[in-house]
Amino acid sequence: MWKQLLHRIYNERKQNTWLYVELLIVLAIIWVAFNDLYKSYQLSTLPTGTNIENCWRLRIGRSASTSVDNQPDFSQDYTAITQIMKNIRQNNAVDAIGLTVNSMPYSSNNSNISMYLAKDSLNNKKYVHGVLIRYYNKDVMRVFRCKDIHGRPLADQIPAIEKHYIIPTKSTALKMAGHTNIVDTLVTGFDYGPMPILQIAENIRYSDYEEVMDGCYEVITKKDLSECIESEGATSNSVQVCLRMKQHMTQQDMENWLNKNKALISTSPLYINSATSFSHIKAGLNEYFVRQIKQGVFLVSFLLVCAFLGILGTFWLRTSQRRKEIGLLMAIGSSKVHIILNFIYEGLFILLCTLPLIILYIGYYITTGHLSSHDEIVIPTIITSVLSIITMSLLIIGGVLISAWSTFKIQAAEVLHDE
């Protein structure tokens, strides 16, 4: 059977060449589309480096300016802010509370810096540009349960004596030194001069649908935090009080809790104006990416319909041109199933012949840096390649079945008479 199949394919090599090109192009496009969708799905399942479960962002208001939109200035209110936090921390329902400036997760106000190891020579500096920096102290790290690369809480590793430390993420450490054994090494690129590396943190991501970013935490002291707020004219957007509750709360539960504890959440002239869950903040940031994924799914669906119609037209033309061959096969006793299987085998064999070029294309896609780790290479490539081949096979089978259905209406006697 295979010898006859190869013989038929060779005899119609001119037509099969065009079919080969068509299947190759469609398969490549489907693979790229599936790979992008799978990549988005895979990113959504990866950790972001921070745990926002039961976490809330508290907004501070001033009695004389109760509207958040008025952006009251808190540059002279550091003491009052910390007093409110101290009061809230005493509540039994509270797990942890911390204060930061423009550094909370899922915030568009995060800053970026460039950094390198201080020991590098002048001609061997490995700058890491665009590093996402977050100014955290021990309290904020407890709120978001930040961990090192071994899964240990970073808050437990910060010394009691306040000092400037830097905690780069794994990706940043690898770019600077090529490995993660750089604890206690000095890093340059900060306002306070070279700072020692306290630990290596888990990788962080800006959102659930973006890849790992080069990042670091700068461990700030109370004095740094006070000076930062006082010098920058801090507003309700930049002053970010982050709270972790022990139990899950809905928005209504949190509002009831705030109303119940008005004495705790106010220190004249400041008070807690409102609370927003980080789950809600994350959903708002991810909305753009979710919309992009939905558009991608629609585009892939439209692409599959177009590909099916194209393949259907191609096989319709092929079967129409081979009506005599089909009639003769029917005249000598071949069943419809046998004839259809021959057409399907031809299509699938030509599809398999496209695999070497597709493998070369995937290899180029990998080596040009679109994929960076072993898991990112092996798993998505295998899954999306298998899905693409299965999809193309189903399109070919569907195209053959529909196109052959009308051709089987021919009578064998008509073909013999024509011959």
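R152 and D148 are joined in a salt bridge whose closest N and O atoms are 2.8 Å apart, a salt bridge being a side-chain nitrogen of Lys or Arg within 4 Å of a carboxyl oxygen of Asp or Glu. The structure is a predicted model, in which local features need pLDDT of at least 70 and side-chain atom pairs count only at pLDDT 80 or more, whereas totals for chains, interfaces and linings use all residues. Residues are numbered from 1 along each chain as its sequence is written, and side-chain values use heavy atoms, with hydrogens and water left out. Within the pair, D148 is buried at a relative accessible area of 0%, while R152 is partly exposed at 41%; buried means under 20% relative accessible area, exposed over 50% and partly exposed in between (1.4 Å probe, protein chains only).

By the same rule the count comes to 7 salt bridges. One of them is formed by the side chains of K39 and E211, with an N to O distance of 2.8 Å; K39 lies in helix α2 (residues 13–45) and E211 in the loop between β8 (204–205) and β9, so the pair links distant parts of the chain, 172 residues apart. Helices (H or I, at least four residues) and strands (E, at least two) are DSSP runs numbered from the N terminus. K39 has a relative accessible area of 22% and E211 one of 38%, and each counts as partly exposed. A further salt bridge connects D208 with K282, the closest N and O atoms being 3.4 Å apart. Because D208 lies in the loop between β8 and β9 and K282 in helix α8, this pair ties together parts that are 74 residues apart in sequence. D208 is buried, with a relative accessible area of 11%, whereas K282 is partly exposed at 25%.

Leaving aside residues up to four places away in sequence, L312 touches G399, I402 and S403, where contact means heavy atoms within 4.5 Å. The C-alpha atoms of L312 and I396 are separated by 7.7 Å, although the two residues are 84 residues apart along the chain. L394, by contrast, lies in helix α12 (residues 374–407) and counts as exposed at 57% relative accessibility.

In helix α5 (residues 170–177), the residues S171, T172, A173, M176 and A177 are buried, and the buried residues of α5 pack against β3 (111–117), β4 (128–136), β5, β6 (186–188), β9 (212–213) and β10 (215–219). Just after α5, G178 takes a positive phi of about 85°. P159, in the loop between α4 and β5 (165–168), is partly exposed with a relative accessible area of 30%.

Over the protein chain as a whole, the secondary structure comes to 13 helices and 13 strands. Buried residues make up 46% of the 419 residues, and residues 24 or more positions apart account for 80% of the contacts with a separation of 6 or more.
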